[in-house]
Amino acid sequence: MTEFASTTAPIAQEPVIKIEGLRKSFGSHEVLKTIDFEVFPGEVVTIIGASGSGKSTLLRCINLLETPDSGHVWFHGHDLAAQHVDVNKLRSSIGMVFQGFNLFNNLNVLDNCTLAPTALKKMKKSQAEEVAKKHLESVGLLDFAYASVASLSGGQKQRVAIARALCMEPELMLFDEPTSALDPEIVGEVLTVMRNLATEGMTMVVVTHEMDFAKNVSDKVVFMDQGVIAEMGAPAQLFANPVCSRTREFLSRYLEDTGAEA
């Protein structure tokens, strides 16, 4: 039997995202096994765990990049797994930042940021550019608005990807290991942008291997193991005194490096 612990206190408000009984398989391999958790307004939820534990698949199910086999993903009370869901409308409310940036290399920075607002929200190009420049300034890249994407560093590309997602004015931001493709020396510039978003109250779900970010920025940490949520709770509790043996094992190297006690 999988150990499960939840140390989060109840929050007296409706969740932005509520996941119930979510299951997903690829062929005979069951990647997600009855996942249940909630994300509340303004919350930063980090999802940690070993490679192959189902973290990215869970994130991709939230915005229907992967279709769940069963269960429900409720967004403001609307079941995203229902047949009638307008996927484009959904994705205008849920921003996604990918590990590999997913920018259009044939477009400059500004055009990458204005493409979705003009196509999906029917925003005028001049208005879309104004919004894009505001978000490019917030990530420190306004001076690169007309630069070729190919000329940017990895960290700059990821910051453009964040600005691009913000241009849709989303209610929820999803980050799928946003720093794992970056050189170590430029990871910090992306994490700084994410910390700023958290400070501003953006609701975020972040799949990450950055344990310092999970410990110091998130409101709730979800530890996944072999397709299930093995432990979930406030970072102070989960990092200082993990209940489950698999959580302690996973965090042992981090805890040793920081001199913390399991």
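**Notes on an aromatic pair and a helix**

1. The structure contains 1 aromatic pair, where rings of Phe, Tyr and Trp (its six-membered ring) pair if their centres lie within 6.5 Å, with planes under 30 degrees apart counted as stacked, over 60 as edge-to-face and the rest as tilted. The ring centres of Phe223 and Phe250 are 5.3 Å apart and their planes stand at 40 degrees, so the pair is tilted. It links distant parts of the chain, 27 residues apart, with Phe223 in strand E9 (residues 220-225) and Phe250 in helix H9 (residues 245-258).

2. This is a predicted model, in which local features need pLDDT of at least 70 and side-chain atom pairs count only at pLDDT 80 or more, while totals for chains, interfaces and linings use all residues. Residues are numbered from 1 along each chain as its sequence is written, and side-chain values use heavy atoms, with hydrogens and water left out.

3. Phe223 is buried, at 0% relative accessibility, whereas Phe250 is partly exposed, with a relative accessible area of 24% (buried means under 20%, exposed over 50%, partly exposed in between, with a 1.4 Å probe and protein chains only).

4. Helix H6 (residues 187-199) has 13 residues, which at 1.5 Å a residue should span 18 Å, and this agrees with the 19 Å between its end C-alpha atoms. Just after H6, Gly201 adopts a positive phi of about 95 degrees.

5. Buried residues of H6 include Val187, Val190, Leu191 and Met194. Viewed down the axis of H6, the buried residues fall within an arc of 155 degrees, so they line one face of the helix.

Key:
Helices (H or I, at least four residues) and strands (E, at least two) are DSSP runs, numbered from the N terminus. The expected span of a helix is 1.5 Å times one less than its number of residues. The arc is that of the directions from the helix axis to the C-beta atoms.
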